[in-house]
Amino acid sequence: MVHQQRSADRLSRSGDTEDMAMSLAPRLAYFAGVARTEHVTRAAHELQVPQSTLSRAMVRLEDDLGVELFARRGRTVSLTRAGRTFLTSVERALAEIERAAEEVRADADPAAGKVAFGFLHTMGAETVPGLIQAFRADHPRIRFSLVQNYGEAMLERLRAGELDLCLTSPVPDAPDLVARRLDEQKLRLVVPADHRLATRRRIRLAEAAEEAFVTLEPGYGLRRITDDLCAEAGFRPRVAFEGEETETLRGLVAAGLGVALLPPPVWPRPGVRELTVTAPRAVREIGVAWLDGHPDTPPVAAFKKFLLSRRGNLLA
């Protein structure tokens, strides 16, 4: 009773579950080994630790928990009811740790590991599949976790450690990120097929100053580029509709609801005309970004090297 009260006092003074877990964790494998063999000497031999170290660890574990886990008869032990209850959860926790260790080892495997790769929606239909196909010609077993999103959302996932690399636009300039420009993509003014400008092949953006624009929502890189280009052309776009995906914007243009600055489509879209913008220079830069100081696994390092080798030829 005194033993249990002393432990309870110590645990209540700490009052912190995380501290308790950190205190118990190093001794869980020892406990499972003793419970499995029901013999301290055999367990010490299997675990390759001194018997005295193992015995002290079990006493300290019981002291911290405030319960007796073993009934002792010399060096032979058997689990108490509390010990059996504890063992069930300990075995589950150790199995989960082993599973997690196997998973991270597999993800870092040079030949068959995994890359968490983010990219813009506009690059998902053609560019990214082509890149992965070319990369896997030399790395056929490397796996990918693919995330499509807009630029700022991908950078947040990069910072959170959920992505290894991302293709984004504009190329970010932030102290916690490393970014490299890979290519640029021309933007076109997309107008309805029956629009007054539809017979033109080229246009100065200032000529569209009075038009209603359909754009991506604020926070998207292409929206920022659109606003900046319009400002450079001397006007602020009158935004009629905002969306989350460029092909939806093309549909809105085809329906006569406005004009849009968009990258080229993967496939021609009926109902619209795509005009070359001669002034200002209408392009968006595409770059790859990663977290500064974040160590690369071999698969990530290989894919990063591959992407950097495609500089100037990313969109071909």
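Tutor: The largest pocket is lined by 21 residues, and Thr122, Glu126, Thr127, Pro264 and Val266 lie nearest its centre. This is a predicted model, where local features need pLDDT of at least 70, side-chain atom pairs count only at pLDDT 80 or more, and totals for linings use all residues. Residues are numbered from 1 along each chain, and side-chain values use heavy atoms, without hydrogens and water.

Student: What makes a set of points a pocket, and what makes it a cavity?

Tutor: On a 1 Å grid over the protein atoms alone, a pocket is an open set with protein on both sides within 12 Å along at least five of seven lines. In a cavity, a 1.4 Å probe fits but cannot get out. Lining residues have an atom within 4 Å of a point.

Student: Which residues lie closest to the centre of the largest cavity?

Tutor: The largest cavity holds about 150 Å³ of space. Leu120, Thr122, Leu216, Tyr220 and Arg284 are closest to its centre, out of 15 lining residues.

Student: Why is Arg284 said to have no salt bridge?

Tutor: A salt bridge needs a side-chain nitrogen of Lys or Arg within 4 Å of a carboxyl oxygen of Asp or Glu. The nearest side chain of opposite charge, Glu247, is 9.5 Å away, so Arg284 has none. Arg284 is also buried (under 20% relative accessible area, 1.4 Å probe, protein chains only).

Student: What makes the pairing of Arg284 and Thr122 a polar contact?

Tutor: Their side chains are joined at 2.6 Å. The cut-off for a pair of N or O atoms is 3.5 Å, with one able to donate a hydrogen and the other to accept it. The side chain of Arg284 also makes a polar contact with that of Gln185, at 2.8 Å.

Notes:
Grid points are joined across faces, edges and corners, and a volume is the space filled by probe spheres set on the points. Buried means under 20% relative accessible area, exposed over 50%, partly exposed in between (1.4 Å probe, protein chains only). Lys and Arg count as positive and Asp and Glu as negative; His and the chain ends are not counted.
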